[in-house]
Amino acid sequence: MIGLPWLEAAGRQLRDQYRQQRLPHGLLIVGGSGLGADRLIQWLEGVLLCQHPDRAPCGQCHSCNLRLAGNHGDLLHLQPEGKGQQIKVGAVRELVSFSQGKAQYGQNQVVLVQQAERLNLAAANALLKVLEEPPAGTYMLLQSADPARLLPTIRSRLQWFRCPAPPVAEGQSWLEGQGVEQAAAELALALADHQPCNALMLATEDFMSRRQRCLELLRGQIERPSPNLEVLTGLLEQEPAQVLSIWRPWLADAARLAQAGTSVPLRNTDQADALQSLVGRYPTAALWLRLYDAVEQLRIQVEADNNLNWQLLLEQFWLSIPREIRRTA
Ligand SMILES: [Zn+2]
């Protein structure tokens, strides 16, 4: 079993297809780790490689042991080399020659391309040639949370398999089963767009207190704009992507409140009072949209570049807040 209740039926469906020899050799798994796509894929690799097809993945045979040790000769993983990086053609050539080999342990060969939307054009074209005629005995798994960014020719060569998201109540009870209290589980799920595995990471005391601090600082700068940059010291120690991932949905909530009034559902469910009082004070939606855009631009920069000057970017954003308030007043 995969260990994630909302994926069990999906997993069984894939395994049944495999046992009935109906599983296509090119499969696009749509979803990210927030939904548990990585867990589903690990399990499927086990199904395809286990030496006991009737109870695969048995977790005990030689093949399962090698796989669990991360050392299976019939399994190849490809992923971007680093944050913001692409998958290049050299890596795909390796994959192509691997896929033309023979399984060493009697079952299949499996190649997995993680974050397949990051294949660059040359790499995607090289992969396409294999997907057009996958070698017998080789399963090509592509994983992507953003399949719209894949080449259309690649997309159309693969059978799509979308990781299902659990109904809210099921995600909630799974989180509670992991030891998260009810109120924290509700908030974490809303913040994580109802992706339970991400929600579990957010539901820690450590994250929630950092989030509180980030939101207090931003709120303070909006309520009482100040050129003082010393308050940013605490933020500089935090992961830039995380700070931005806290601010972005909060500003989106503020923009929604300013545009649509109090009836809209908020992601930051615990911030309703604070947001309403701020939006009451600055009711112009344009302000919130501009601040949201500024944070979104920062997020794109942070995602694309490891060497950027976070302090400088953060200070520029901070000082732009009073300007935006004056401009939209
Ligand atoms: Zn096994």
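## Close-up views of a predicted model

**Figure 1. Leu 40 sits in the interior.** Leu 40 is buried because its relative accessible area is 0%, and the cut-off for buried is under 20%. This is a predicted model. Leu 40 belongs to helix H2. Its C-alpha lies 6.7 Å from that of Gly 11, although 29 residues separate Leu 40 and Gly 11 in sequence.

**Figure 2. Helix H2 is largely enclosed.** Of the 13 residues of H2, 10 are buried, so the rest of the structure largely encloses this helix.

**Figure 3. Four cysteines hold the zinc ion.** The protein donors are the SG atoms of Cys 50, Cys 58, Cys 61 and Cys 64. They lie 2.2 to 2.4 Å from the zinc ion. What arrangement do the 4 donor atoms make around the zinc ion? It is tetrahedral, because the donor atoms subtend angles of 104 to 117°, and the cut-off requires all angles to lie between 85 and 135 degrees. For reference, the ideal angle for four tetrahedral donors is 109.5 degrees.

**Figure 4. The zinc donors in sequence.** The donor residues follow the spacing C-x7-C-x2-C-x2-C. The pair Cys 50 and Cys 64 links distant parts of the chain, 14 residues apart. Cys 50 is in the loop between helix H2 (37-49) and helix H3 (62-68), whereas Cys 64 is in helix H3. Both Cys 50 and Cys 64 are buried. Cys 61 also counts as buried, because its relative accessibility is 6%. How many disulfides does a search of the whole structure find? The search finds 0.

Figure 5. The peptide bond from Ala 56 to Pro 57 is cis. Its omega is near -5°. Pro 57 is placed in the loop between H2 and H3. That loop also holds the zinc donor Cys 50.

Figure 6. Asp 193 has phi near 55°, a positive value in a residue other than glycine. It lies in the loop between helix H8 (182-191) and helix H9 (196-202). His 194 has phi near 60°, again positive in a residue other than glycine. His 194 is found in the loop between H8 and H9. Is His 194 buried, partly exposed or exposed? His 194 is partly exposed, with a relative accessible area of 34%.

**Figure 7. Ala 169 on helix H7.** Ala 169 is in helix H7 (residues 168-177). Ala 169 is exposed, because its relative accessible area is 58%, and the cut-off for exposed is over 50%. Ala 169 and Leu 218 are 49 residues apart in sequence. Their C-alpha atoms are 32 Å apart in space.

**Figure 8. Helix H10 and its buried residues.** H10 covers residues 205-223. At 1.5 Å a residue its 19 residues should span 27 Å, and its end C-alpha atoms are 26 Å apart, which agrees. Buried residues of H10 include Phe 207, Met 208, Arg 211, Leu 215, Leu 217 and Leu 218. Gly 220, Gln 221, Ile 222 and Glu 223 are buried too. Cys 214 is buried, with a relative accessible area of 0%.

**Figure 9. The whole chain, for orientation.** The chain has 15 helices and 5 strands. Its C-alpha trace spans about 70 × 45 × 35 Å along the principal axes. Of its 329 residues, 48% are buried. The chain is divided into domain 1 (5-162) and domain 2 (204-328). The centres of domain 1 and domain 2, taken over C-alpha atoms, are 39 Å apart. An unreviewed UniProt entry lists residues 206-319 as "domain: DNA polymerase III delta subunit C-terminal". That span is 73% helix and 0% strand, and its end C-alpha atoms lie 28 Å apart.

Note on methods:
Residues are numbered from 1 along each chain as its sequence is written. This is a predicted model: local features need pLDDT of at least 70, side-chain atom pairs count only at pLDDT 80 or more; totals for chains, interfaces and linings use all residues. Side-chain values use heavy atoms; hydrogens and water are left out. Helices (H or I, at least four residues) and strands (E, at least two) are DSSP runs, numbered from the N terminus. The expected span of a helix is 1.5 Å times one less than its number of residues. Buried means under 20% relative accessible area, exposed over 50%, partly exposed in between (1.4 Å probe, protein chains only). Donors are N, O and S atoms within 2.8 Å of the metal (3.2 Å for Na, K and Ca); water is not among the atoms, so sites may look incomplete. Four donors count as tetrahedral if all angles lie between 85 and 135 degrees; four count as square planar and six as octahedral if opposite donors are over 155 degrees apart and all others between 65 and 115; anything else is irregular. A disulfide is a pair of cysteine sulfur atoms within 2.5 Å. Domain bounds come from an automatic or database domain assignment. UniProt positions are given in the numbering used here, feature names are shortened, and annotations may be inferred rather than shown by experiment.
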